[in-house]
Amino acid sequence: MTKKLLIIALLALVQNSFSQTIIHRNAEIEEMVSEISADSLEHHVRQLASFNTRHTLSQDEVNGMPAAQNYVLSKFNHFAKQSGGRMSAEIEAFTIPADDRRIQVDSPGANVIATLKGTNPADDRIFIISAHMDSRNKDVMDAENPAPGANDDGSGTAAVIELARVMASHEFSATILFVAFTGEEQGLKGATYLAEKAKENNWNLAAILNNDIVGNSESSETLLKDNLKLRVFSETIPLAETEREAAVRRYTNADNDSKSRQLARYVKEVGERYVDQFEIKLIYRSDRFLRGGDQTPFARNGFTAVRISEMNENYIHQHENVRVEDGVQYGDLPEFMDFEYLRKVAGVNLAALANLANSPSLPEEVRIDVRSLSNKSSLLWKAPQIGNVKGYYVLMRETSSPMWEKKFFTTDTSLTVPYSKDNYFFAVQAVSESGAESLAVFPTPLTR
């Protein structure tokens, strides 16, 4: 082969590889991601930051938390007009009990929630995208002085608002809740209320994507600027793990395969599929040191939840009073945010959320046969209860790998692959007719 022909062949190979990547994108999801607007995100952040404070205990109906809640509600109600009656919105009030820590007396609280009902009557699943709309300055008990909270967490709240706008006119099999929590800075109060309500009412709550501090691309101290990476935090050993689940985890060495970790992998794979030149970093921690997020109350109640957060945090613009000191501007102000970066983060959320809400439910009773010594691996499962299934992916990765490395497609409910169960980890996904994948299910051992 001549040098010229070799170059042509290589170019054809590259083009073919690229076209295969594009084919995996769902056109409707791709269109929705493209509709996300950095300008809209900036508008919402600036509007939220314009209130004097969004402190949970602020009762100023003109320039405090109630005014901010009404702003978010007005946006949700406006978008609901495009939903054909499927979206509704409310401010759900509740009482925050005194805790002798950050809530001195029983206090009013409220979450702002938009509900986009699923179109499949047989699909009772609920997916949540969330952020917290309350803000704080250096003194966490200061409900009077300015606390603009542009990035923490006006950024996440703006993303939730923007996704409600884009997704309201589209149909999904499952129900989606767009939630702006209150009370996060006072101890995860709004999220605790909703997580306990979901458990008490036996919601089929399939996944929670919690966005907290997602609009900045420059770190303090190192002055590193990077708008090409995003972190997803996920718990390793589930907070709500039972003794039996712990025994199975130890036997199968599944410490890195909690349901939340499967969700984190899903966000990475699907998010990078739809948002170009953006890398999602899997952080093997439930959260950062000395910090917490609204995903935690859901994890405590046995639900699958992850925290999504910017790669580089700037502590000069977090939990600080607005001031100039030694020529340095402190405070969580909109001018220190990167709204193009926030657009990418919102795109990752939308891609994962839309794919999940149109996927089948999880394959049932996923097992791996360990009854004999073999250099092959046999998996078997039952069809999911919800959704029309085109087939299944059996996923495989080396035990040292963070991400699934191979996918084997089958239309059956069992598959034997020529790879040793001793050397690899496996999981199973259900795939809809449109190509939407469910979350992966790690198999339990079939021993007899």
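In the predicted model, Lys229 is partly exposed, with a relative accessibility of 23%. The side chain of Lys229 forms a salt bridge with Asp226, and the closest N and O atoms of this pair are 3.0 Å apart. Asp226, by contrast, counts as buried, because its relative accessibility of 14% falls under the 20% limit. Side chains of opposite charge can pair when their charged atoms come close. A search of the whole structure returned 30 salt bridges.

One of these links Glu42 to Arg46, with 2.9 Å between the closest N and O atoms. Both residues belong to helix H3 (residues 38-50) and are four residues apart, about one turn of the helix. Glu42 is partly exposed at a relative accessible area of 24%, and Arg46 is likewise partly exposed, at 39%.

A further salt bridge joins the side chains of Glu437 and Arg273, at 2.9 Å from N to O. Glu437 is placed in the loop between strand S16 (424-432) and strand S17 (444-446), whereas Arg273 is part of helix H8, so the pair ties together parts that are 164 residues apart in sequence. Glu437 is buried, with a relative accessibility of 5%, and Arg273 is also buried, at 12%. Elsewhere, salt bridges with shared partners connect Asp212, Arg231, Asp287, Arg288, Arg307 and Glu313 in one network.

Strand S8 (residues 305-310) is mostly covered, and six of its six residues are buried. Strand S5 (residues 204-211) pairs with S8 in the parallel sense through four bridges, and within this pairing Leu209 stands opposite Val306. Strand S6 (residues 229-233) runs antiparallel to S8 and is joined to S8 by four bridges. Here, Leu230 stands opposite Glu310 of S8. In a regular strand the side chains alternate between the two faces of the sheet.

The loop between S5 and S6 contains Ile213. This residue has a relative accessibility of 1% and therefore counts as buried. Beyond its neighbours up to four places away in sequence, Ile213 touches Asn151, Asp152, Asp153, Ser155, Arg288, Arg291, Arg307, Ser309, Glu310, Glu313 and Gln318. The C-alpha atom of Ile213 is separated by 42 Å from that of Tyr419, a residue 206 positions away along the chain.

Rolling a probe the size of a water molecule over the atoms shows where empty space is left. The largest pocket holds about 1,300 Å³ of space. Its lining comprises 45 residues, of which Glu245, Lys259, Thr304, Leu362 and Val441 lie nearest the centre of the pocket. Strand S3 (125-132), S5, helix H7 (243-252), H8 and strand S11 (364-369) are the elements that give two or more residues to this lining. H7 makes the greatest contribution, with five residues. By class, the lining of the largest pocket consists of 21 nonpolar, 13 polar and 11 charged residues.

The second largest pocket contains about 480 Å³ of space. Among the 24 residues that line this pocket, His24, Arg25, Arg273, Gly435 and Glu437 are the closest to its centre; Glu437 and Arg273 are also the partners of the salt bridge described above. At least two lining residues each come from helix H1 (3-23), helix H2 (27-35), H8, helix H10 (339-357), strand S13 (389-398) and strand S14 (406-410). The lining of the second largest pocket includes 10 nonpolar, seven polar and seven charged residues.

Two cavities of 30 Å³ or more were found. The largest cavity has a volume of about 60 Å³ and is lined by Asn151, Asn216, Asn314, His317, Gln318, Asp332, Leu333, Phe336 and Met337. Three of these lining residues are nonpolar, five are polar and one is charged.

Gln262, Arg265, Tyr266, Glu269, Leu395, Trp404, Gln429, Leu439 and Ala440 form its lining. Helix H8 (residues 259-274) gives the most to this lining, with four residues. The classes represented around the second largest cavity are five nonpolar, two polar and two charged residues.

Definitions and conventions:
Residues numbered from 1 in each chain as written. Predicted model: local features only at pLDDT ≥ 70, side-chain atom pairs only at ≥ 80, totals over all residues. Heavy atoms only, no water. Buried < 20%, exposed > 50% of the residue type's maximum accessible area, 1.4 Å probe, protein only. Pairing = 2+ DSSP bridges. 1 Å grid on protein atoms, 1.4 Å probe; cavity = no way out; pocket = protein on both sides within 12 Å on 5 of 7 lines; lining within 4 Å. Points joined across faces, edges and corners; volume = space filled by probe spheres on them. Nonpolar A, V, L, I, M, F, W, Y, C, P; charged D, E, K, R; others polar. Contact = heavy atoms within 4.5 Å. Salt bridge = Lys/Arg side-chain N within 4 Å of Asp/Glu carboxyl O.
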